[in-house]
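Hi,

Here is the structure I said I'd pass on. Have a look at it first, and then my notes follow below.

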Amino acid sequence: MFRLAVIGQPIAHSRSPAMHRAAFEALGIVDEWSYEAIEMAPEQFAERTEALADAGYVGANVTVPHKRAALEIAERATDVAREIGAANTLSFAGQIVADNTDGPGLLAALPKSPGGMRALVLGAGGASRAVVWALLREGAAVEIWNRTSTRARALADELGGAAVEEISTSEYDLIVNATSVGLQASPAPSGGDDLKALPVVADGFHDRQVVVDLVYGSDETDLASAARSRGANVIDGLEVLVHQGAESFRIWTGLAPPLEAMRRAVRES
Ligand code: ATR
């Protein structure tokens, strides 16, 4: 059996197990490959992850709050993981190798390369790092806004791009929400209120924009809904999840990921 897992805390609601199992089924390899969710506290992460490697696991996805620690425990890291400063994909082939498919996954989810686009990234936390790295690598002009402006400046100093405090929604070709605004504690829609926490204004969205909201849940976020209703091309967090998962799948199995089966699984789970 080739064993895989996703490691995080909390992890019970992760859609990754359903997504990867659907991929194994679609390719007829479900009897050879498994993928489970493993909850780990930060203080257990290094020891328990190394134990998985010793126990014969092939690899793991790593999510909040362990992505930086995943890079630290690795014996080797790809340039992508090192440049982003975090890993979401580990492979255990003799040694622990760290990779990051969050940035490539975002790029794969976009309708075209963001090269030459003026892009606004909302947020300067863990999720933003991969976004800023990916957009810069493709040659976008990246501006970073964050509620706490010092964090936006620190991220721009480290990775590139420019920290901004005042923005005009309509001027961007691409807007990516990498904040946690819109993550719902309850499934009830918030009636548009979430936008107030962000600098964008609903009437600024238009049909020549691509708008990505990394947040996903049972309902469309206020940001996605405002952008979609004004004609923007909206990419939701599940589409980005599918593409990062697909890139990880390719790394571990060497097989072409069955995207449609993976997409169906995350939308149904
Ligand atoms: P993640 O790893 O998901 O990026 P994080 O590092 O905790 O998580 O970052 C959360 C991001 O959402 C940050 O950019 C945070 O802004 P601050 O740096 O000012 O905390 C942003 N965020 C969270 N709640 C927010 C809110 N109510 N309004 C605006 N931004 C918010």
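**What I found**

Let me start with helix 9, residues 237–253. At 1.5 Å a residue, its 17 residues should span 24 Å, and the end C-alpha atoms are 24 Å apart, which agrees. Bear in mind throughout that this is a predicted model. Helix 9 is mostly covered, with 14 of its 17 residues buried. Just past its end, Gly254 has a positive phi of about 75 degrees.

What does helix 9 lie across? Strand 1, strand 2, strand 3, strand 5 and strand 6, running at about 10 degrees to strand 5. Those strands belong to an open sheet of six, in the order 2-1-3-5-6-4, with mixed pairing. Strand 2 (33–39) and strand 4 (76–77) are at the edges; each has a single partner strand, so one side of each has no neighbour in the sheet. Strand 4 runs parallel to strand 6, joined to it by two bridges, and Arg76 sits opposite Val97 of strand 6. Helix 2 (residues 45–54) packs on this sheet too, touching strand 1 (2–8), strand 2, strand 3 (59–62), strand 5 (89–93) and strand 6, with its direction at about 45 degrees to that of strand 5.

Strand 11 pairs with strand 12 over four bridges, in the parallel sense, and Val212 stands opposite Ile235 in strand 12.

In soluble globular proteins, nonpolar side chains tend to be buried together. In this model the largest nonpolar core has 30 residues, and Leu135, Ile144, Leu174 and Val212 have the most contacts inside it. Elements giving two or more residues to this core include helix 6 (126–137), strand 8 (141–145), helix 7 (149–159), strand 10 (174–177) and strand 11 (210–213). Helix 6 provides the largest share, six residues. A second, separate core has 20 residues, among them Leu52, Ala77, Ala81 and Phe92.

Where is Asn100? In the loop between strand 6 (95–99) and helix 5 (102–109). Asn100 is buried, because its relative accessible area is 2%, under the 20% cut-off. Its side chain reaches the backbone oxygen of Ala86 at 2.9 Å, and a polar atom of that side chain lies 2.7 Å from the backbone nitrogen of Asp102.

Ala26 is partly exposed, with a relative accessible area of 45%. Ala26 and Pro258 are 232 residues apart in sequence, yet their C-alpha atoms are 6.8 Å apart. Leaving aside neighbours within four places in sequence, Ala26 is in contact with Pro258 and Ala261.

Cheers

How values were computed: Residues are numbered from 1 along each chain as its sequence is written. This is a predicted model: local features need pLDDT of at least 70, side-chain atom pairs count only at pLDDT 80 or more; totals for chains, interfaces and linings use all residues. Side-chain values use heavy atoms; hydrogens and water are left out. Buried means under 20% relative accessible area, exposed over 50%, partly exposed in between (1.4 Å probe, protein chains only). A polar contact is a pair of N or O atoms within 3.5 Å; within protein, one must be able to donate a hydrogen and the other to accept it, and residues adjacent in sequence count only if both atoms are side-chain atoms. The expected span of a helix is 1.5 Å times one less than its number of residues. A nonpolar core is a set of buried Ala, Val, Leu, Ile, Met, Phe, Trp, Tyr and Cys residues joined through side-chain atoms within 4.5 Å. Two strands pair if DSSP finds at least two bridges between them. Contact means heavy atoms within 4.5 Å. Axes are lines fitted to C-alpha atoms, for helices over the stretch in contact, and angles run from 0 to 180 degrees between N-to-C directions.
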